[in-house]
Amino acid sequence: MPDSSQQAFDFIIRGGMVVTSRCTRVMDVGIREGKIQALEFHLSAPANQEIDATGRLVFPGFIDAHTHMGIPIKTTSSADDFSSGSMAAAFGGVTTIVDFTVQATGQSLMDSLEERLSRANGKSYVDFHIHVNITDQPERWLPQIPEIIRRGFRSFKTFSTYREAGMMVTWSQFRTIMEAVSAAGGLVMLHAEENTLVEAATHKHLEAGQLEPIYHARSRPASAEARAIEQAARIAEELQAPLYIVHLSSADGLKVALTAKQRGVRLFIETCPQYLLLDESAYQEKNGHYFITTPPLRTRLDQQALWQAISNNQVDVVGTDHCPFTRAQKEMGNRKFHLTPNGLPGVETLFPLLYTYGVRTGRITLQQLVHLLGINPARIFGLDHRKGDIGVGLDADLVIWNPEETTWITGKHQHGRADWSPYEGMAIAGKLEWVFLRGKVLIHQDQFMASTPEGHLIPARSATP
Ligand code: URP
Ligand code: ZN
Ligand code: ZN
């Protein structure tokens, strides 16, 4: 009987430049039974299949900690479901997505979770986890939180805006939610925009008949983001509770968040590629209404501040807020800012953009990239016993990237349902060659190799972030 070190691997990925959260070095990766079983300079055991990764970068499968598959927005629903959206994810090297429940009026948190799980189970091609939205009658459903956390879901998202959609919680409710969630060992996430400021600005522009896309940005100023972060951070500080700010978009918001961190608030910052690479001038272009997303695109100065914070390790996570609409859906509001469904596609371009415009421009290192798209979201959301890095015992979720090629983003070649891309024509410094999910090949070159959706729910481990 051979000892386990000599047992055949299912795969050996040989000679690639392996990028982990700790280092980048040439190594062989041995995969058996869905796990990374060995990581060494040279593996001598046999393998059923060997892949020559010489000259390639080998990354951990990435995590997109912020997606919205098939959610109601305005008069329509975001175009991807778990099937199309997870396929798009795979083609971007994202092997775990974290989506959000949608709590209907009168629906319990547990029922909303069951409903979202039923949409993902058997439909997702990549692994998934779920954040629990609290938008309706928080006080009524807070007693369910400990049980939800015991089941492996410990991140709860709140909104300080979207009153018109019935999703907003007041600051007093926010505090009550944070008390309950943190007492049970969970984490509160916040879509931070102070609604009074948003409603006042929106009202002003609607009254003046200013309905062009740029007024989406004017209606949701950076000051609203900063004000909401300030408010939430004060509550988190007082309660000594962790707080996760989703899709932080502005220099003003960033400043407040970093000041709170310096005061010792356990505050996690997420930003998105659209705030790093696009700016509000997009609203003035021919199809400016396509770019309506919330928070809105900001200025070049905001972009610079966010990149600087990323370089300084002050941002924890880059997620996408993937919430795509087709071109036809984007026309539904007749180009009026307040009627256009808000959201952008992003899950497929997350890693290629961050690699090209982050790593290859010298703004971040490969290790920082793996932190932002891997180990940090895995740790914050309790998935790090399985995901987010390359290490013995972790799931064999791997991405093999050829950094010598140049490719270009084109909406019509993307794999989700949006028939356009906000990043149309942008160059990408590399090409995806292989994607593995738990030791199985999901993608080889441009071929999708999975015949059935075999994404698993990954419950969070129990300890707090
Ligand atoms: O406009 C966006 N981003 N739609 C998705 C919902 C949200 O606010 O994250
Ligand atoms: Zn949001
Ligand atoms: Zn979102």
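Mentor: In this predicted model, 10 of the 10 residues of helix 13 are buried, so helix 13 is largely enclosed by the rest of the structure. The buried residues run from L350, F351, P352, L353 and L354 to Y355, T356, Y357, G358 and V359.

Helix 13 covers residues 350–359 and supplies at least two residues to the lining of the second largest pocket. Strand 17 (407–408) and strand 19 (431–437) each supply at least two residues as well. That pocket holds about 460 Å³ of space. Its lining counts 21 residues, and F91, E348, T407, W408 and Q414 lie nearest the centre. By class, the lining has eight nonpolar, 10 polar and three charged residues. Domain 1 (4–59 + 390–448) and domain 2 (61–228 + 246–256 + 270–380) each give at least three residues to this lining.

Rolling a probe the size of a water molecule over the atoms shows where empty space is left. With a threshold of 30 Å³ or more, the count comes to one cavity. The space in the largest cavity is about 110 Å³. This cavity is lined by 18 residues, and the closest to its centre are H322, P345, G346, E348 and Q414. The cavity lining divides into eight nonpolar, seven polar and three charged residues. Again, domain 1 and domain 2 each contribute at least three residues.

The largest pocket has a volume of about 850 Å³. It is lined by 41 residues, with Y162, E164, A165, M167 and N342 nearest its centre. Two or more lining residues come from each of strand 7 (72–73), strand 11 (155–159), helix 6 (195–207) and helix 7 (214–219). Helix 6 gives the largest share, five residues. Sorted by class, the lining has 14 nonpolar, 20 polar and seven charged residues.

The zinc ion (ligand 2) is coordinated at 2.1 Å by H191 through ND1 and by H247 through NE2. H191 belongs to strand 12 (residues 187–191) and H247 to the loop between strand 13 (243–245) and helix 9 (251–262), so the pair ties together parts that are 56 residues apart in sequence. H191 and H247 are both buried. The arrangement around the zinc ion (ligand 2) is irregular, because its four donor atoms subtend angles of 56 to 151 degrees.

The zinc ion (ligand 3) lies 3.6 Å from the zinc ion (ligand 2). Its coordinating residues are H66 (NE2), H68 (NE2) and D321 (OD), at 2.0 to 2.1 Å. In sequence, these donor residues follow the spacing H-x1-H-x252-D. The relative accessible area of H66 is 0%, so H66 is buried. H68, at 7% relative accessibility, also counts as buried. The site of the zinc ion (ligand 3) is irregular too, with angles of 87 to 146 degrees among its four donor atoms.

Notes: Residues numbered from 1 in each chain as written. Chains lettered and ligands numbered in written order. Predicted model: local features only at pLDDT ≥ 70, side-chain atom pairs only at ≥ 80, totals over all residues. Heavy atoms only, no water. Donors = N, O, S within 2.8 Å, 3.2 Å for Na, K, Ca; no water. Tetrahedral: all angles 85-135°; square planar, octahedral: opposite > 155°, others 65-115°. Helix = DSSP H or I, 4+ residues; strand = E, 2+ residues; numbered from the N terminus. Buried < 20%, exposed > 50% of the residue type's maximum accessible area, 1.4 Å probe, protein only. 1 Å grid on protein atoms, 1.4 Å probe; cavity = no way out; pocket = protein on both sides within 12 Å on 5 of 7 lines; lining within 4 Å. Points joined across faces, edges and corners; volume = space filled by probe spheres on them. Nonpolar A, V, L, I, M, F, W, Y, C, P; charged D, E, K, R; others polar. Domains from an automatic or database assignment.
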